[in-house]
There are 4 protein chains.
Amino acid sequence: MAAGVRQRVYEALEPRAREGLGLSLANKFLVLCIIVASALAILDTEPMVSAGREPAFRLAELAFGVIFSVEYLLRLWIAPDNPHWARFRFPRLRYAFSVQAIIDLLAILPTLFAFGGGGSVLLRFFRVLRILRLAKLGRMSTAWQDLAAALSERRHELILTISIAGFVLLVSSTLMYWAEADAQPDKFGSIPRAMWWCIVTLTTVGYGDVFPVTMLGKSLAGLVALAGIGLIAMPTGILAAAFSDVVQRRREALRKAAEQRALSSPSQPGPSA
Amino acid sequence: MAAGVRQRVYEALEPRAREGLGLSLANKFLVLCIIVASALAILDTEPMVSAGREPAFRLAELAFGVIFSVEYLLRLWIAPDNPHWARFRFPRLRYAFSVQAIIDLLAILPTLFAFGGGGSVLLRFFRVLRILRLAKLGRMSTAWQDLAAALSERRHELILTISIAGFVLLVSSTLMYWAEADAQPDKFGSIPRAMWWCIVTLTTVGYGDVFPVTMLGKSLAGLVALAGIGLIAMPTGILAAAFSDVVQRRREALRKAAEQRALSSPSQPGPSA
Amino acid sequence: MAAGVRQRVYEALEPRAREGLGLSLANKFLVLCIIVASALAILDTEPMVSAGREPAFRLAELAFGVIFSVEYLLRLWIAPDNPHWARFRFPRLRYAFSVQAIIDLLAILPTLFAFGGGGSVLLRFFRVLRILRLAKLGRMSTAWQDLAAALSERRHELILTISIAGFVLLVSSTLMYWAEADAQPDKFGSIPRAMWWCIVTLTTVGYGDVFPVTMLGKSLAGLVALAGIGLIAMPTGILAAAFSDVVQRRREALRKAAEQRALSSPSQPGPSA
Amino acid sequence: MAAGVRQRVYEALEPRAREGLGLSLANKFLVLCIIVASALAILDTEPMVSAGREPAFRLAELAFGVIFSVEYLLRLWIAPDNPHWARFRFPRLRYAFSVQAIIDLLAILPTLFAFGGGGSVLLRFFRVLRILRLAKLGRMSTAWQDLAAALSERRHELILTISIAGFVLLVSSTLMYWAEADAQPDKFGSIPRAMWWCIVTLTTVGYGDVFPVTMLGKSLAGLVALAGIGLIAMPTGILAAAFSDVVQRRREALRKAAEQRALSSPSQPGPSA
C-alpha cells in the first residue's frame, strides 16, 4: 500500500510524471509558497516594512521552513519511483547529491538558523539564501535546459566576443590610466581603478562618479566611447539572442500544443458516434 | 425631422460612419480642441507661464468644458444611430458605460471642479485629469485596436521576457544588497532599495544618485551591468517591435488606399466620355 | 572669348558639369577652404587657443572671406551656363534666390562684420554662422537629396512613431509631476519641468541633475524607464535606418561605378589593336 | 645539425608551420606568459596590491623579460626558415623590421628600464608598454586579418557614417555653445568644450558633469538627444557588425573543421580493415 501512496505522491510532485501541460495542484501550491516566501524575504530586509512586525515575519518563515522541509523529505522518499534515479543502486543517496536536492536543502537552512540571532554578516547571508529559494522554481520548467542548449550552440561567439570586449576594456583602461592618473590618482591611479570608469562608460550607464577632467583624458574618453560602445555590447547581444531563441522555441511549442488540442478535440466526438 | 438631424450629427461625430479616409470637420475641430486644451493644461502647471494669467486660463478651461460637455451630450443623444449600441435595449445607457463615454465624462470633471479652489493635492489631481483628455483622441483612430492585437500575438514572449527581466532584477538586487548594505545602508540597506539601483543601472540610465563604493560591490556591479543590460531590454524590445508592427501595417494600409484611389481616378473620366 | 572663359569656369565650379566621378581641382580647393575655415572658426571660440592669436585668426578670416566672395560672384556670373537656371528669363536673379546662393551669401557675412566689434551676443551669432559654412559642402554631394528621398519614403512611420514618442513623453511627465511635485517643486513642479526628466531618462542619458526621491516617484520612474525606453527610441531608429539606406545606396552606386570602369578598361586596348 | 634544430624550433614557434588546429606547446606556454605578465602589469599599478610586494613584482618582471628576450632572439634566428622571409636577401633583417618583431622588441623594453627608477611619467609609460604585450598575441590568431578584411569591405559605410556623426556632433556643439555659453562659460564657453557635452550625451553615457541649465539649452538638448542618438551610433554599429562578421566566419570555419574531422574519422578504420 505504501508503494501505491508513494506512486501517487510521485505523480503529484514530479512535473515530468504528468502527461498534460501545466503543473499538478501540489506543485502549483509549492510555486505559490516559493513566490510568497521570496516576496516576504525581500520585504523583511526593508526596515520600513518589517520594523515592529518581526514576530509575524518569523512565524511565516517558520511555516515556509516546515513546508519546504516536508517537500524535501517527500522528494527524497519518492526518488526510487523516478526512472532517472531508479537506475542507480542507492537512488535516494544519488538524488540527495543532485543539484536540485542540494538547492532544496539550502532553501531550508535559512529557517533553521533564523532564530539563532547572530551578527549582521551571517544574518544577511541567510537572507540572501532565502531569495535563492527562487532557484527551486527551476525544476518546474524546462526553460533552463532550453537556455543551456541555446547558450551552448553559441559558445564560440560568446568566447570570441567576450575576448574582444575584455581586450577593449583593457586597452581603454590602460589609456585612461595613462592620461588621468596624475590628475585623479584616487579614480584613475591604477588600471583596475580605471576599469570601473571603463565599464560604467562603455555600458553607457555613466553614473558620474568618475569622469576624465584633463584635455587628453576627455579626448581619449570621447574616442573610446564612440568606438567601444558597440563592441562591449556584443556578448550582451549574444546572451540576449540566446534568451530570445528560447522564448521563440517555447512560443512555437505552445502554438503546436494548442494546434494539436484543436485537432484532437473534433475527433473526440468521432468514436462516441 | 429630429431623426434626420440626429442622423446628420451621427455622421459628423462618429468616425466609422464616414466612408472615405480622414476625419469629418466636426471631429477635426474636436481634435484641435483636445490638443489645445491639453497644451493649455500643460502650460497652466508652469508658474513662469501661468502666473498673472489665471483668469485667461480659467476662461479657456471654461470654454473647453462647455465644448466637451456639448460633445458628451450629443454623443449620448446619437448612440441609438450607432449599429453597435442599437442592438441593446437601452442604447444610451449602454453607451454611457462604455470606456470612451466614461473617458469623455472624466474629461469634463476638471472644468466643473476647477472653480471650487481646493487644496494642492486635489488641484493637481484635476490638472492631471486634464492631460488625460488626450485619451479622447483614442476614438479617432483604429491604431489602439491594432496595437492591442499586435501585443496579444506576442503575449507569450512578453510574459517570458518579463519573467526573465524580473529574475535578473531580483538576483542583481540581492547580490548588491549583500555586497553594499554595510557601506551604504541608506541606498543598499534592503533589497527593495537595491532594486532602484538595479533599474537605473540595467536600463543604462545611471543617474549617479546610487552607485557601489566597495571593491566587491563595484566588481559585482560591473558583471551585472555587462551581463544584464541585454536581458532587461528584452521586454522593451518586444513592446517596441509590437508598436513597429502597427506602424508597418498602417503604412501598408495607407499605401493600398493611395493605390486604390490612383486606380479609380483614371476610370472616372471614362463614364463621362 | 568671355563666353569661352565663362564656360570653362562653369565646368570648374559646377560639380554636375563634370562627367567623371570626383570633384574638379577648383572645387577640391573650395572644400579644403570650407573645412579649414570651419576648423578655425571652432578653435577661435576656445580662449585657450585663440588668446593672443587674434590678429592671425582675423587675417585668416579675411582671406577666407575674400575667397568665398570671389566664389559667390563667379557662381553668380556663370548661372546662365547652367541649364537649370538658363530656362528662366533672369537666370542670375533666379540663382541669387536659390537656397545654395543664400547660404553662400550668409557665409560671407561673418567676414564683413567680424571687424566691427560689437557685443557678445552679436559676436557669437556670427561665429555660429561661420560654422554653418559647412552647409556650403551640400552642393558637392548628392547625399542630401538621397537622404531627403529616404526620409520622404518613411514619413508615415516617422509621424506615427513621433506621435507615440510624444504621447509616452507626455503621459510620463504628467505621472511624474503628479508623484514628485510636492517633494521637488523646482524640478517636477510643472509638467514642462518634468518633461526634462523624461527626455533625460527615456533616452537613457541620465545626467543625474533630476531624479525622483519619493517612494511613489521611484516606482513610477522604474516602470516608465522599463516600458518607455524602447518607444522613445523608435523615431530615432527610423531616422538612423533612413541614413543607413542612403549609405547602402551610395555604396551600391560606388561598387557599380567601379565595376563599369573595370569593364570598360579591358575594351580600351581593343580598338587600338 | 643546427639546421635540424632550427627547423624544429621553427615548427614549435611559428603557428602557421603547424598543420592541425591549435597551438604548439611552446606557443601555449608563451600565451600563458603573455597573459600572466599582463595581469601582473595591471596589478602592479594598484598600490593596494603591489605595496610591499615590489621585490616579487620585479622578480616576475625580470623572469618574463628573460623569456621574451629569448623568444625574440629565437624568432630572429629562425626567420630564414619562414618561406615569407626566405624570399629576401637578408631574411633576419627584414623580419626585424616587421610589425610583429617591433612589437616583440617593444615588449622587452619595459624590463630593461624597469630597474632604472626614473620619474613618474617615464615609469607610467613603461607600465603601459607592459600591457601592450597583449599585442604579442596577435601572431597566434588569424582573427586580426579577418577583422581587417571585414572592415575594409565596409570602409565606404564607415567613412560616410563617421562624416554624418561628425556633422551631427559639430552642429549640436555649435547650437549648445550658442545657447549656453553665457550661462556656463566654463562648460559651454567654446565649441570644443560643448563637444564634450555632445559626446557624453549622444552616446547616452550622461555623466552629469555637464548639462544645460537654461530653458533654451534644455529644449535644444532634448531635440539633439532625441534626433542624434541614432545617428551617432551608426559607425559604432558598423564596427560591431564587422566584428560580428568575423565571429560568424570563424564559427563557420570551426564547424567545418569539426565536420571534416567527423568525416575523416570513420574512414580511418577503413584502410586498416
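Reader: How many helices and how many strands does the secondary structure of chain A come to?

Author: In this predicted model, chain A has 14 helices and zero strands. Read from the N terminus, its elements go α-α-α-α-α-α-α-α-α-α-α-α-α-α.

Reader: Okay, and which domains is chain A divided into?

Author: You get domain 1, covering 2–140, and domain 2, covering 152–267. Their C-alpha centres in chain A sit 35 Å apart.

Reader: What radius of gyration does chain A have, and what would a compact globule of 273 residues have?

Author: Chain A comes out at 26 Å, while a compact globule of 273 residues would be near 19 Å. Its C-alpha atoms take up a box of roughly 85 × 55 × 40 Å along the principal axes.

Reader: What percentage of chain A counts as buried?

Author: The general idea is to count neighbours: a residue is buried if 20 or more other C-beta atoms lie within 10 Å of its own. For chain A, 34% of the 273 residues pass that test.

Reader: Now for the copies. How do I read the relation between chain D and chain A?

Author: In general, two copies of a chain are related by a rotation about an axis and a shift along it. Here, rotating by 90° with 0.0 Å of shift along the axis puts chain D on chain A, with an RMSD of 0.1 Å. That is what a four-fold axis does. The two copies use different surfaces, as 11% of the contact residues of chain D recur in chain A.

Reader: How many residues does each of those two chains bring to the contact?

Author: Chain D brings 27 residues and chain A brings 29 residues. On the chain D side, helix H8 (120–131), helix H12 (191–202) and helix H13 (215–267) each give two or more residues. H13(D) has the largest share, with 10 residues. Sorted by class, the side of chain D that touches chain A holds 14 nonpolar, eight polar and five charged residues.

Reader: And what does the contact between chain C and chain D take from each chain?

Author: That contact takes 27 residues from chain C and 28 residues from chain D. On the chain C side, at least two residues each come from helix H8 (120–131), helix H12 (191–202) and helix H13 (215–267). H13(C) supplies the largest share, 10 residues. The side of chain C that touches chain D splits into 14 nonpolar, eight polar and five charged residues.

Reader: Why does B:Thr204 count as buried?

Author: B:Thr204 counts as buried because 24 C-beta neighbours lie inside 10 Å.

Reader: What about phi of C:Thr204?

Author: C:Thr204 isn't a glycine, yet its phi is positive, at about 60°. Look for C:Thr204 in the loop between H12 and H13 of chain C. C:Thr204 counts as buried, since 23 C-beta neighbours fall inside 10 Å.

Conventions
Residues are numbered from 1 along each chain as its sequence is written. Chains are lettered from A and ligands numbered from 1 in the order in which they are written. This is a predicted model: local features need pLDDT of at least 70, side-chain atom pairs count only at pLDDT 80 or more; totals for chains, interfaces and linings use all residues. Two residues are in contact if their C-beta atoms, placed from the backbone, lie within 7 Å. Helices (H or I, at least four residues) and strands (E, at least two) are DSSP runs, numbered from the N terminus. Ala, Val, Leu, Ile, Met, Phe, Trp, Tyr, Cys and Pro count as nonpolar, Asp, Glu, Lys and Arg as charged, and the others, Gly among them, as polar. Copies are superposed by least squares on the C-alpha atoms of residues with pLDDT of at least 70 in both. Domain bounds come from an automatic or database domain assignment. The radius of gyration is taken over C-alpha atoms; the globule rule is 2.2 Å times the number of residues to the power 0.38. A residue is buried if 20 or more other C-beta atoms lie within 10 Å of its own, exposed if 12 or fewer, and partly exposed in between; C-beta atoms are placed from the backbone.
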